[in-house]
Amino acid sequence: MFERFTEGARGVVEGAVAHAELGGADRVEAGHLLLALLDARGTKGAFALSALGVRPEAVVSGLEEARRRGGVSAADAEALAGFGIDVGAIVSRVEEAHGEGALAHGRPRGRRLWAGSGHRPFTREAKTVLEQSLRVALARKEKSIGDEHLLLAMAARPGVVRDVLAGCGVTFDAVERVLGSGNGGAAKAG
């Protein structure tokens, strides 16, 4: 599949690995893909984010807040609230006992899986974003996978990254409008 990626999309994937390394993460997460997309210049994905008024600091703040909650998405927190579970209260109590950011995925302890291999693995969620980007491109009848397809996949896939994007006004439909395509409804599925 990687051979179908445009230069811009490859840059996002490579940038995600760099963000994971910089943050000391043992795996490349979907949030790293989003951070790398924010770094892109002169691509369709970068254009869409700019046109929608995305402020990088808002995305970083949203991702950091989700990490602080241990990766619980807004939808998951809302579902848990329906059962009487207050995620915010749980985070507060854990942080009172163990310090701020105690639920955040930090540096791994012990041996890293990728140590010495030169390869940092992708989480299931990040792999799914990459796979979904192919579906998005195919639904749009496009042969190559660009960074705009990665953005659309992130906006379509439930989870923290979609929540962060939505908090910045970036939805699948908004990105479709900016990119000037009306045929993306089928790409949302999956």
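This passage describes the fold of one protein chain and then two of its residues, Val161 and Phe83.

The model is predicted. The protein chain holds eleven helices and zero strands. Its pattern along the sequence reads α-α-α-α-α-α-α-α-α-α-α. The protein chain has 190 residues, and 41% of them count as buried. Contacts were also sorted by separation in sequence. Among those with a separation of 6 or more, 65% link residues 24 or more positions apart. The protein chain exposes about 10,300 Å². Carbon and sulfur atoms supply 51% of that area.

Val161 lies in helix α9, which spans residues 160-167. The relative accessibility of Val161 is 5%. Buried means under 20%, so Val161 counts as buried. Its contacts were examined beyond the neighbours within four places in sequence. Val161 then touches Ala30, Gly31, Leu34 and Met154. Glu125 stands 36 residues from Val161 along the chain. The C-alpha atoms of Val161 and Glu125 are separated by 9.8 Å.

Phe83 sits in the loop between α5 (74-82) and α6 (87-98).

Terms used: Residues are numbered from 1 along each chain as its sequence is written. This is a predicted model: local features need pLDDT of at least 70, side-chain atom pairs count only at pLDDT 80 or more; totals for chains, interfaces and linings use all residues. Side-chain values use heavy atoms; hydrogens and water are left out. Helices (H or I, at least four residues) and strands (E, at least two) are DSSP runs, numbered from the N terminus. Buried means under 20% relative accessible area, exposed over 50%, partly exposed in between (1.4 Å probe, protein chains only). Contact means heavy atoms within 4.5 Å. Accessible areas come from the Shrake-Rupley method with a 1.4 Å probe; for residues, only the protein chains shown count as cover.
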